[in-house]
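Hi,

Here is the structure I promised to pass on. Have a look at it first, and my notes follow below.

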Amino acid sequence: VKSVLDEILEKLPESFNMHEIMGKVEERTPYVVVAFQECERTNILTAEIKRSLKELNLGLKGELTITADMEEISNALFFDIVPATWAALAYPSLFSLGAWFSDLLLRIRELEAWSADFALPSAVWLGGFFNPQSFLTAIMQSMARKNEWPLDKMCLAVEVTKKNREDMTSAPREGAYIHGLYMEGARWEKNSGIITDARLKELTPGMPVVFIKAIPVDRQETKNIYECPVYKTRSRGPTYVWTFNLKTKEKRAKWILAGVAVLLQV
């Protein structure tokens, strides 16, 4: 337990200096607001991790009496599961503690890069947000402001590209490229640009980079479309994020019966 505890404390980066970050910004665009919220939530989570581990450390040294809370965290570290008090402040995740912590460090690194200059990354990792909905809504808000469209008459258009994250050099003029999506129950056929049957033993094949922009509702395509739900994890249910309209040549019913969904984390 002591070695896991020391490793986490050692690798955990400093919390974001909100005062300094907010000082860098002249105009609060919808994207900047999302970045602020993400940084704040990360700070709350990392502060709790630091606090509880330092407390447990003192308990293990015998300088504090071990409480029930400390014992729970100690057991969680021993069994490689995420302590309940941390999970409550974090995002839904089915990872064990080791993978969960590596994932947290990746999320923090992504936020550090974004909050350094607030330029939208060439491809955004949608699954790396506490609140992916807020980012998708920000795409609509920024388009609505630019074109002076009413927000309630807009929706997201989803276009799956043929590129991977490495091929992306710059962010699009409007909307955003997002990566890190997986499909469950089917797979995306890159060349023909439609949903097709999954291959055997490929439970959650990755998808190429997806281009998302906002359009007026009346311009939305409705033919040959499967309304594919997007979830944060495999447990689906309350982790619902959005519905992406994906192209299909087969009947929608087929994918509905197969329970096809897009996941942000596998």
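Helix 3 passes helix 6 in a left-handed crossing (left-handed if the near helix is turned anticlockwise from the far one by less than a right angle, right-handed if clockwise). Helix 3 covers residues 30–61 and helix 6 covers residues 97–117; their axes come within 11 Å and cross at roughly 140°. That makes helix 3 oblique to helix 6, since angles under 35 degrees count as roughly parallel, over 145 as roughly antiparallel, 65 to 115 as roughly perpendicular and the rest as oblique. Axes here are lines fitted to C-alpha atoms, for helices over the stretch in contact, with angles running from 0 to 180 degrees between N-to-C directions.

On the helix 3 side, the residues that meet helix 6 are Tyr31, Val34, Ala35, Glu38, Cys39, Thr42, Leu45, Thr46 and Ile49, and their partners in helix 6 are Trp100, Leu104, Ile108, Leu111, Trp114 and Ser115. Contact means heavy atoms within 4.5 Å. By class, this contact has 11 nonpolar, 3 polar and 1 charged residues (Ala, Val, Leu, Ile, Met, Phe, Trp, Tyr, Cys and Pro count as nonpolar, Asp, Glu, Lys and Arg as charged, the others, Gly among them, as polar).

Before the rest, a word on the source. This is a predicted model, in which local features need pLDDT of at least 70 and side-chain atom pairs count only at pLDDT 80 or more, while totals for chains, interfaces and linings use all residues. Residues are numbered from 1 along each chain as its sequence is written, and side-chain values use heavy atoms, with hydrogens and water left out.

Now the whole chain. The secondary structure comes to 8 helices and 10 strands, where helices (H or I, at least four residues) and strands (E, at least two) are DSSP runs numbered from the N terminus. The C-alpha atoms fill a box of roughly 65 × 50 × 30 Å along the principal axes. Of the 266 residues, 47% count as buried (under 20% relative accessible area; exposed is over 50%, partly exposed in between, with a 1.4 Å probe and protein chains only). Among contacts with a separation of 6 or more, 68% are between residues 24 or more positions apart.

The largest nonpolar core has 70 residues, and those with the most contacts inside it are Trp86, Trp100, Phe135, Phe244 and Leu246. Helix 3 gives the largest share of this core, 10 residues. Apart from it lies another core, of 5 residues, including Met168 and Phe211. A core here is a set of buried Ala, Val, Leu, Ile, Met, Phe, Trp, Tyr and Cys residues joined through side-chain atoms within 4.5 Å.

A few single residues are worth a click:

- Glu48 is found in helix 3 and is buried, at 16% relative accessible area. Leaving aside residues up to four places away in sequence, Glu48 touches Thr85, Trp86 and Leu89.
- Asn224 sits in the loop between strand 7 (210–216) and strand 8 (225–231). Its phi is near 50°, a positive value in a residue other than glycine, and Asn224 counts as exposed at 57% relative accessibility.
- Arg236, in the loop between strand 8 and strand 9 (240–247), has a positive phi as well, near 55°.

Cheers
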